[in-house]
Amino acid sequence: MSYPFYQKAVPLIKAANVAEDAGRLEDALQHYTHALQYLMTGLRYEKSAQLRAVIKGKVSGYLAHAEDVKKRADKYGNNAAGGPAGAAGEPDAAADKGKG
């Protein structure tokens, strides 16, 4: 088993969850991306067919979730509340452009 790859992926996934919960979607996406790279690399070296199947399932799930995070980050920026920037009392940078 390619434990070093998986051992590096687990803290990245945990960090992604923390970042996502805190509303830092771009940070979360970056952590998920790095974790998926480690998992995919480990998959190449995994000999056990059972473990490969389990890891493929995990990769598929994390990839789908990362795609969802990317869509939300693209739509709302780093605002995890799911609304447009400024909806939670934060200034809307796009609205301020050109003013001054």
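Biologist: Which residues of helix 2 are buried?

Modeller: Buried means under 20% relative accessible area, exposed means over 50%, and partly exposed is in between (1.4 Å probe, protein chains only). In helix 2, the buried ones are Leu25, Ala28, Leu29, Tyr32, Ala35, Leu36, Leu39, Thr41, Gly42 and Leu43. Before we go on: this is a predicted model, where local features need pLDDT of at least 70 and side-chain atom pairs count only at pLDDT 80 or more, while totals for chains, interfaces and linings use all residues. Residues are numbered from 1 along each chain as its sequence is written, and side-chain values use heavy atoms, with hydrogens and water left out.

Biologist: How many helices and strands does the protein chain have?

Modeller: Helices (H or I, at least four residues) and strands (E, at least two) are DSSP runs, numbered from the N terminus. Here the protein chain has 4 helices and 0 strands, so reading from the N terminus gives α-α-α-α.

Biologist: What span does helix 2 reach, and what would be expected?

Modeller: For the expected span, take 1.5 Å times one less than the number of residues. Helix 2 covers residues 25–45, which is 21 residues, and reaches 31 Å from its first C-alpha to its last, close to the expected 30 Å. Just after helix 3, Gly77 takes a positive phi of about 75 degrees.

Biologist: What do the buried residues of helix 2 pack against?

Modeller: Packing is read from contacts, meaning heavy atoms within 4.5 Å. The buried residues of helix 2 pack against helix 1 (3–21) and helix 3 (49–76).

Biologist: Which residues have the most contacts inside the largest nonpolar core?

Modeller: In soluble globular proteins, nonpolar side chains tend to be buried together. A nonpolar core is a set of buried Ala, Val, Leu, Ile, Met, Phe, Trp, Tyr and Cys residues joined through side-chain atoms within 4.5 Å. The largest one here has 19 residues, and Tyr32, Leu39 and Val69 have the most contacts inside it. Helix 1, helix 2 and helix 3 each supply at least two residues of this core, with the largest share, 8 residues, coming from helix 2. Pick out Leu39: leaving aside residues up to four places away in sequence, Leu39 touches Tyr6, Ala9, Ile13, Ile55, Val59 and Tyr62.

Biologist: Is Ala16 buried or exposed?

Modeller: Ala16 is in helix 1, and its relative accessible area is 0%, so Ala16 is buried. Not counting residues up to four places away in sequence, Ala16 touches Ala28, His31 and Tyr32. For contrast, go to the loop between helix 1 and helix 2, where you'll find Ala22. Ala22 has a relative accessible area of 52%, so Ala22 is exposed.

Biologist: How many aromatic pairs does a search of the whole structure find?

Modeller: A pair of aromatic rings is described by the distance of the centres and the angle of the planes. Rings of Phe, Tyr and Trp (its six-membered ring) pair if their centres lie within 6.5 Å; planes under 30 degrees apart count as stacked, over 60 as edge-to-face and the rest as tilted. The search finds 1 aromatic pair. The ring centres of Phe5 and Tyr45 are 5.8 Å apart and the planes are at 5 degrees, so the pair is stacked. Phe5 in helix 1 and Tyr45 in helix 2 are 40 residues apart, so to speak a link between distant parts of the chain. Phe5 is partly exposed at 24% relative accessible area, and Tyr45 is partly exposed at 49%.

Biologist: Where in the protein chain is confidence lowest, and where is it highest?

Modeller: The chain averages 82, and 76% of the residues score at least 70. Confidence is highest in helix 2, at a mean of 95, and lowest in helix 4 (residues 93–96), at 40. Over residues 83–100 pLDDT stays under 50, and the model has 9 contacts beyond four places in sequence for them. Where pLDDT is low, the predicted coordinates should not be read in detail.

How values were computed:
pLDDT is the predictor's confidence in each residue, from 0 to 100.
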